[in-house]
Amino acid sequence: MMNKKIFRAICITSLTVLLASIILIMGVLYEYFSELRKNQIKSELSLAGAAVETEGISYLENLDSVDYRLTWIDQSGKVLFDSRQDSYSMENHIGREEVQEALKNGTGESERYSSTLTEKTMYCAELLSDNTILRISVSQATVPTLLLGIAQPIAIVFVLAMIISFVLSSKIAEKIVKPLNSLDLDNPLENEIYDEISPLLRRIANQQKQIQSQKNELNQRKTEFSAITSNMNEGLILLGKDKRIISLNPSAESFFTAQNDCTGKYFIEIDRTPDIIRSVEKAETDNTSELQINRNGRTFQLNISCIRDTGELSGFVILIFDITDKIDSENRRREFTANVSHELKTPLQSIMGSAELIENGLVKNEDIPRFMGNIRSEAERLVTLINDIIRLSQLDEGIDMPEQNFDLYSLAEKNISLLKDSAEKKNVSVSLSGKSIMINSVQPLVSEIIYNLVDNAIKYNVSGGKVKVTVSDDENGIYMSVADTGIGIPPEHQARIFERFYRVDKSHSKETGGTGLGLSIVKHAVQDIGADIRLKSSSGKGTVITVRF
C-alpha cells in the first residue's frame, strides 16, 4: 500500500513538474520572441520612415516586403498606401489605437487578435515630419496555436517522461520502503533508519513498554483468577452477552461433563437441559434466578446472575453449589425430630397411662407397685433419652475440649465397673485384657466411647454371653476393641447402625431399653478426637468394634 502511494506521489509530482515546465518555458519563450519581434519591426519602421521622408511613395511602391505589412496614413486617417491591399478600398484608420498614440506621442503600438484567437497582429506606428503616419504590422501565431503545432513532440516527451517516471518511481518507492519493511518492531530503538521516523520509533517503544506492563498485570490477574477458581468446590461459568463461554473452572467442567477446549462455544453446546436454559433466560429479564437440579445422584443448586454495565447486558455468571450434604442434613434433622418426638412420646404415654389408671382407682392394690415400677422405669428411660439428646447436641456443636494424658486401660476398667450391674442383669460377663497404655486425648469423650460400646455390647448380647474389651498398640496406633457374642448385625444394616435412632430390630428396643443414640454418640466422639472406628459383625456370631486412637 505504501509502495503504491509513494509511486503515485512521485509520478504525479513528475508529471506536474513536466507540465509546469512546458507551460513556463512556452510562456517565457513566447514572450521573449514576441519582444524580439516587436523590436525588429520597430527597427524596420524607423528605416522605412527615413526612406519615405527621402524618397516618398516611390520607396514604398518599390519595396518588396513579405514578412511584414507597411501602411502610410495621412493625419486625417486616410490610407495613402498599403503594401498588402488597395489603399482606396480601405477604411479610415484615424481611430486605430497605434495611430492615435503616434499622433499624440510620435510613436504608437498595439496588439490585436483574430476572431478565432489563433493569430495575433502587432502594430507599430511613427509620426513622420510631414505629419503623416507610417505603420508597420506583423502577424504571429498565439500560444495555443503553437502548442497545437508542436503537439506531437510534446506527446512524445510526455510519454517518455511517464515511462521514466514510472521506472524511477518504482525503484525509488522500493528503496524508500525496503528499510521500513525490515524494521525490528520488537526492538524499535535498535533500528538505524531515517531520522524522520525516530520520534515514531520512540513512541512505539514507550507503547510496547506500557503494553507489556499491562500484559504482565493481566497475566498475573488471570493466573490468580485461575488459581482461585480452579480450587473452588463450587462450579463457576462466565458467559458473554451472546451466551458464549468466557471461562469455566474444573468443578463446572465436571458438572457439565465439558472438555477443556469449550471456551468460546455457545453455552447450549455443552448443556441442553431445558430447565437450565429457561433459568438463564429468566436471569436475563429478572437479573437473577435459582434452580435445583439432581445429577449423578447428587443435588445441585444453580445461582444465575445477569451482569449489566450502565444498563447494557454484559454477560452472565453461573455458580453451581453441591447441596447434597445440606439436603441430607435437613432430611436427617427432620428424621431426627420425628424420631425424638416418637421416642419421647412412647415413655410419656406409658407413664400417663399407668398414672391415669392409678388415679381412677382402676388398679388393684397389689398391682400398684408394678404400675409404679413401670412409671419409674419409663421415667428413667425418658431421662436417659433426654441426656443422650443433650450430649449429642453438644457433640454436634463441636465444643473444643482440652486434651490430657491418661491411662486408656484404667479408663476402660473404670467404665466396665460402672456397667457391672447391667451386665449381671443380662447374665453377661465382661472382661478386660491388654496393658496399661498412656494416650493424649480428650478423656471425657474417650470415656463415653468406651461406656457406650460396652453398654451396647451388653444390651444386645444373649443370656450367658460374653463381652471382651482389649487395649493394645502397634506401630500404627493405639487400639481399644469391644467384642461380644451377641445377636450380631446383618450386612445390610451395618452401614446405618451409627445413625441416630437406627435399630436393626425395632421390636427389641423396649426390651433392651436403649435410646438408639449410643452408637451415634460414639461416632461423633470418635470424629471429634480424630480417631477412626471399624466394625466387624455377622448375624448370630457377635460383633467386634475397634477404635484406633
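Where is the place of Arg 298? Arg 298 sits in strand 9, residues 298–309; strands (E, at least two residues) and helices (H or I, at least four) are DSSP runs, numbered from the N terminus. The structure is a predicted model, in which local features need pLDDT of at least 70 and side-chain atom pairs count only at pLDDT 80 or more, while totals for chains, interfaces and linings use all residues. Residues are numbered from 1 along each chain as its sequence is written, and side-chain values use heavy atoms, with hydrogens and water left out.

At 33% relative accessibility, Arg 298 counts as partly exposed, a class that lies between buried (under 20% relative accessible area) and exposed (over 50%), with a 1.4 Å probe and protein chains only. Neighbours within four places in sequence aside, Arg 298 is in contact (heavy atoms within 4.5 Å) with Ile 293, Asp 322, Thr 324 and Asp 325. With Asp 322 there is a side-chain to side-chain polar contact of 2.7 Å; such a contact is a pair of N or O atoms within 3.5 Å, where within protein one must be able to donate a hydrogen and the other to accept it, and residues adjacent in sequence count only if both atoms are side-chain atoms. The C-alpha atoms of Arg 298 and Ile 327 are separated by 9.7 Å, the two residues being 29 apart along the chain.

Turning to the sheets, an open one is formed by five strands in the order 2-1-5-4-3, with antiparallel pairing; strands pair if DSSP finds at least two bridges between them. Its edges are strand 2 (79–82) and strand 3 (107–113), each of which pairs on one side only. Within this sheet, strand 1 (residues 69–73) and strand 5 (residues 133–141) are joined by five bridges, and Thr 71 stands opposite Arg 135 in strand 5. Helix 3 (residues 97–105) packs on the sheet and touches strands 1, 3, 4 (119–127) and 5.

Strand 13 (residues 438–441) has Ile 439 and Ser 441 on a covered face, and Met 438 and Asn 440 on an uncovered one. In a regular strand, side chains alternate between the two faces of the sheet.

Finally, in helix 6, Leu 201, Ala 205 and Thr 229 are buried. The buried residues of helix 6 pack against strand 6 (235–240) and helix 7 (250–256).

Technical notes
Axes fitted to C-alpha atoms, helices over the stretch in contact; angles between N-to-C directions.
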